[in-house]
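Here's a walk through a few spots worth a look. Have the viewer open as you read.

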Amino acid sequence: MNYKVGIIGYGVMGRIRHQAIDEIKKGEVIAISEPNAEKEVKGIPNISHEEIIKHADIDVIIVCTPNFLNKDLTIRALNAGKHVFCEKPPAFTGADILEIQKAETASGKKLMYGFNHRHHDSVMNIKRLIDSGEYGKVLWLRGRYGKSVTSDYFNQWRAKKELAGGGILMDQGIHMLDLFLYLSGDFDVVKAEVSNLYWHMDVEDNAFVILKESATGKVASLHSTMSQWRHLFSLEIFLEKGYMVLNGLITSSMSYGEETLSIAKNRSTAPAATWKDEVVTKYVDNNSWRYEMDHFFDSIDTDTAITIGNSDDAYKLMRIIDKVYEQKEF
């Protein structure tokens, strides 16, 4: 079935989602809603948010708006009987997700969140290997995700807590936390140091987060920062029988460098370590946007559950973020 789609928010992400929908040929964008665009964009009418939600012909709504609008638009779209795909963050708190889930259950429609990093080929390979049990249980994870921002950041909505919900943790770190959960399961202990030592905004510019699963002792650490001065993505996963290290991430600007996955099984005799048997794979194509839209539309088409990026995933993630921000001291 070729679903009729409306996109609310037609900035960078809205256009990326539109392109992916066109590429997979499972939906047709018939309307957009973008206050900063012309009344018609490439022959597609630009109408109000409300008109998108109430549009009788629209089956699917894609939400690509500033963070503070995500919860309200998602609930309104579900209440209007539309399937919804919403960019991260899903909301500001775990309590917000519970409200959204009530609307989701009542609607009977599909709801998926845009945690795009799950759909990178490298991450999909890591997930497959972990789930296979070939490398044993996950012992610990370490993630670093950082960038440098320019002085005009102060004028953007992301710099305002009431519009963004938080700073670099809500912007970038949320992706890494989501990968921790996706690849290794939940955590019940959260410790954090959150600061704004350099940019002095009302949102954080650095977040150091330690997570622990009490039952197994598994630990994960995250550093999310906007004072990195160069873009960096690094995810390290060490297991009982080996390790997987992902450095770099394919983006349109390639500012995070090449997406390179290194995998090895335990083979060194202490104290001498060797990496000669390490298998290194470089990924050159970013298929994630298509994979993500495919999963969403296939779920609608076959009436099966969203398994990658559903509202339960969102709730677990936002409960961790709740606990981080409860410890904020600045």
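How much space lies in the largest cavity? About 30 Å³.

## Ground rules

This is a predicted model, where local features need pLDDT of at least 70, side-chain atom pairs count only at pLDDT 80 or more, and totals for chains, interfaces and linings use all residues. Residues are numbered from 1 along each chain as its sequence is written, and side-chain values use heavy atoms, with hydrogens and water left out.

Helices (H or I, at least four residues) and strands (E, at least two) are DSSP runs, numbered from the N terminus.

## The cavity

A search of the whole structure turns up one cavity of 30 Å³ or more. On a 1 Å grid over the protein atoms alone, a cavity is a set of points where a 1.4 Å probe fits but cannot get out, and lining residues have an atom within 4 Å of a point. Grid points are joined across faces, edges and corners, and the volume is the space filled by probe spheres set on the points.

Around the largest cavity sit Asn67, Tyr153, Arg158, Ala164, Gly166, Gly167, Met170 and Asp171. Sorted by class, that lining has three nonpolar, three polar and two charged residues. Here Ala, Val, Leu, Ile, Met, Phe, Trp, Tyr, Cys and Pro count as nonpolar, Asp, Glu, Lys and Arg as charged, and the others, Gly among them, as polar.

## The largest pocket

Now for the open space: a pocket is an open set of points with protein on both sides within 12 Å along at least five of seven lines. The largest pocket holds about 1400 Å³ of space. It has 46 lining residues, and Val12, Met13, Ile16, Arg158 and Trp289 are the closest to its centre. Arg158 turns up in the lining of the largest cavity too.

Elements giving two or more residues to the pocket lining are α1 (12-24), β8 (138-148), α7 (168-184) and α8 (288-302). α1 supplies the largest share, eight residues. By class, the pocket lining has 15 nonpolar, 22 polar and nine charged residues.

## α1 against α8

Two packed helices are described by the angle between their axes and the distance between the axes. Axes are lines fitted to C-alpha atoms, for helices over the stretch in contact, and angles run from 0 to 180 degrees between N-to-C directions. α1 and α8 pack at about 70°, with axes 9 Å apart. That makes α1 roughly perpendicular to α8 (65 to 115 degrees; under 35 is roughly parallel, over 145 roughly antiparallel, and the rest oblique).

The crossing of α1 and α8 is right-handed; a crossing gets that label if the near helix is turned clockwise from the far one by less than a right angle, and left-handed if anticlockwise. On the α1 side, the contact (heavy atoms within 4.5 Å) includes Met13, Ile16 and Arg17, and on the α8 side it includes Trp289, Arg290 and Phe297. The class tally for this contact is eight nonpolar, no polar and five charged residues.

## α4 and its two partners

Helix α3 (residues 70-79) packs on helix α4 (residues 94-107) at about 15°, with the axes 8 Å apart. α3 is therefore roughly parallel to α4, and passes α4 in a left-handed crossing. Among the contact residues are Ile75 and Leu78 of α3 and Ile100 and Ala103 of α4.

With helix α9 (residues 311-326), α4 packs at about 165°, again with axes 8 Å apart. α4 and α9 are therefore roughly antiparallel, and α4 passes α9 in a left-handed crossing. The residues that meet include Leu98 and Gln101 in α4 and Tyr315 and Met318 in α9. This contact divides into five nonpolar, three polar and four charged residues.

## Two backbone details

The peptide bond from Lys88 to Pro89 is cis, with omega near -10°. Pro89 sits in the loop between β6 (83-87) and α4. Over in strand β12 (residues 227-239) you'll find Trp229, with phi near 70°, a positive value in a residue other than glycine.
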